[in-house]
Amino acid sequence: MDNPSTVDTGGAIETRGIEPVPDHERRGTVRELFPTWVAANISVLLLTMGAALVVFNRLNFWQVLIVAACAAVVSFGLVGVLSVSGKWGGAPGATLSRAAFGVRGNLFPGAILWVARFGWETINAVTGAYAVLTVLDLLFGVRSNTALIVVTLVAFVACTFLVSGMGRKALNLCSTWSTYLFGVFSILVLGYLLATIHWSEVFARPAGTTAMMIAGIGTIAAGGISWVPTGPDFARYLPHSASGRKIAGVTVSGAGLVMVPMVLMGAVMAVASPGLAEAADPVSFLGDLLPTWLAVPYLLTAVVGMLLINSLSMYSAGFTAQTMGVKLPRALAVSINAVISLVAGLLLMLVAKSFLGSFITFLTLLAVSFSAWIGVYAVDMARRRSRTVRYDAAALMDTGRTSRYWYKGGFCWQAMTAWSLALLTGLAFTRCDWFAGPLSDTPVGRYGLAWAATIAISALIMAALPAPRENAPAAAGQPTAPRTAHAERVTV
């Protein structure tokens with residue numbers, strides 16, 4: 001049985017690990033999720049991605065608006081809906097996933113999600129470091145060099161590690177204030193663009209193809225899809241009475257509030273500077289398009305935003321590491337991700353030739369790897385909706401044969417079958433810079449819908465197979481964790 005590290009005593013630093021949150025500690029509110037998902041999207045990468053929709057996909061302003069809105073609703077709609085399981089079970093998504101895949105089977109999708117998160121944290125760390133380098137250049141004329149790249153990246157990753165280690169309350173506080181700051185400067189940037197951009201050129205662009213719009217939705221949505229398995233992590237402190245509809249609504253609105261205007265701003269900037277999407281790094285173009293008095297504070301708030309995105313990611317990565325068997329408290333488990341993102345970040349900044357090419361390739365593979373998990377988890381969650389006890393807290397923490405989620409040999413064969421077949425099929429539909437699956441020339445592959453196909457395939461297979469039969473709960477007298485994850489019937 002897993003050993004719950006500690007309990008959250010209500011201090012500034014969260015000490016709770018992967019164990020379910022008892023009812024008496026569930027004092028969170030749904031509105032706290034709003035700044036969390038705003039902060040999760042405070043990334044200048046959205047500007048670059050918006051520019052790519054204009055330069056590479058050849059979309060016009062209105063098409064970019066539709067793409068951004070659809071991507072926000074689809075990706076963070078999934079995040080919001082699956083986050084409801086967090087208030088059902090009071091545990092991180094990586095722990096609740098044991099109920100779907102089995103206590104041993106969960107290690108396989110968990111390992112892939114953990115590795116994929118390394119890549120996401122690397123991309124964010126590199127972007128944050130580039131933002132710092134651009135500020136140093138604008139303010140002091142200090143040009144980038146190898147030593148400075150190493151220093152800025154190390155500093156960024158170290159700050160990320162410290163913030164993520166403090167836990168949920170610190171992240172909520174930082175997210176709230178960064179939302180205000182970034183909102184103010186984003187309005188100033190938007191005002192500057194309104195006054196200086198030649199809007200006749202923006203609206204004169206011809207429309208692109210429907211195929212490129214669909215592909216664009218997948219590219220923009222990939223970032224949001226990567227948050228789906230971690231959604232329950234931020235909802236686990238909500239009481240059972242919290243509205244599932246409000247959780248989903250707040251998640252979509254918080255993410256969309258940032259995602260849509262930033263993608264649009266990137267598209268508008270690309271009209272003024274077509275080379276934006278092909279820049280050597282994803283940040284320096286802001287110094288060329290904006291005056292220094294606006295570019296510097298905007299970049300500084302963006303640095304804070306990128307730091308928070310990585311902190312949120314590392315916060316959840318600590319839970320994944322513990323679920324995978326890392327015998328460390330969550331804050332220390334985060335250090336594994338910090339070290340890997342540092343090493344990979346240095347390789348990307350010092351060795352890789354194209355940041356954008358590496359980023360798009362990563363997004364493409366990221367979406368498929370997360371989507372196989374999403375389909376299985378969603379079907380398992382739908383089946384639990386009608387149950388009185390949706391998640392057994394004792395069984396979630398029990399990794400032995402006595403666990404309710406032991407199934408056969410620790411594996412739920414239905415979930416493992418659906419997940420593995422969907423993952424392989426999704427990769428077969430995938431095409432990126434250095435990889436092309438055997439089905440990538442089909443309409444699904446050409447339209448960039450491998451991620452959607454992966455979700456659909458995993459969900460359909462999971463739903464078609466016989467419903468898994470959980471083992472009987474542990475007998476009386478055996479050591480168990482407090483059964484507080486869900487003790488009564490609740491409404492979604």
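These legends go with a set of close-up views of a predicted model.

**View 1. The whole chain, before zooming in.** This protein has 492 residues, and buried ones make up 58% of them. Its secondary structure comes to 19 helices and two strands. Take the contacts between residues at least 6 apart in sequence: 86% of these join residues at least 24 apart. As for disulfides, the count is zero.

**View 2. The largest pocket and what lines it.** There's about 690 Å³ of space in here. The lining is built from 33 residues, and those closest to the pocket centre are Ala215, Thr219, Ile360, Thr364 and Arg431. Two or more lining residues come from each of helix H2 (45–55), helix H9 (210–225), helix H15 (355–384), strand S1 (431–432), helix H18 (443–446) and helix H19 (450–464). H15 is the top contributor, giving eight residues to the lining. Sort the lining by residue type and you get 19 nonpolar, ten polar and four charged.

View 3. Phe355 has a relative accessible area of 6%, which is under the 20% cut-off, so it counts as buried. Its C-alpha sits 7.4 Å from that of Pro282, although Phe355 and Pro282 are 73 residues apart along the chain. Ser358 comes out at 29%, between the 20% and 50% cut-offs, so this serine is partly exposed. For Ser358, look across to Ile123: the pair is 235 residues apart in sequence, but 9.2 Å separates their C-alpha atoms.

**View 4. Helix H5 packed against helix H17.** H5 covers residues 107–140 and H17 covers residues 413–429; the two pack at an angle of about 40 degrees, with 10 Å between their axes. On the H5 side, the contact is made by Phe108, Pro109 and Ile112, and H17 answers with Met416, Trp419 and Leu423. By type, the contact residues are six nonpolar, no polar and no charged.

View 5. Neither residue here is a glycine: phi is near 55 degrees for Arg58 and about 50 degrees for Tyr407. Arg58 sits in the loop between H2 and helix H3 (61–89). Tyr407 is also a loop residue, found between helix H16 (393–397) and H17. Are they buried or exposed? Arg58 has a relative accessibility of 58%, which is over 50%, so it counts as exposed. Tyr407 has a relative accessible area of 9%, under the 20% cut-off, so it is buried.

**View 6. Two cysteines, Cys159 and Cys412.** Cys159 is partly exposed, because its relative accessible area of 37% falls between 20% and 50%. Cys412 has a relative accessible area of 1%, so this cysteine counts as buried. Don't look for a disulfide in this view: the count for the model is zero.

Definitions and conventions
Residues are numbered from 1 along each chain as its sequence is written. This is a predicted model: local features need pLDDT of at least 70, side-chain atom pairs count only at pLDDT 80 or more; totals for chains, interfaces and linings use all residues. Side-chain values use heavy atoms; hydrogens and water are left out. On a 1 Å grid over the protein atoms alone, a cavity is a set of points where a 1.4 Å probe fits but cannot get out, and a pocket is an open set with protein on both sides within 12 Å along at least five of seven lines; lining residues have an atom within 4 Å of a point. Grid points are joined across faces, edges and corners, and a volume is the space filled by probe spheres set on the points. Helices (H or I, at least four residues) and strands (E, at least two) are DSSP runs, numbered from the N terminus. Ala, Val, Leu, Ile, Met, Phe, Trp, Tyr, Cys and Pro count as nonpolar, Asp, Glu, Lys and Arg as charged, and the others, Gly among them, as polar. A disulfide is a pair of cysteine sulfur atoms within 2.5 Å. Buried means under 20% relative accessible area, exposed over 50%, partly exposed in between (1.4 Å probe, protein chains only). Axes are lines fitted to C-alpha atoms, for helices over the stretch in contact, and angles run from 0 to 180 degrees between N-to-C directions. Contact means heavy atoms within 4.5 Å.
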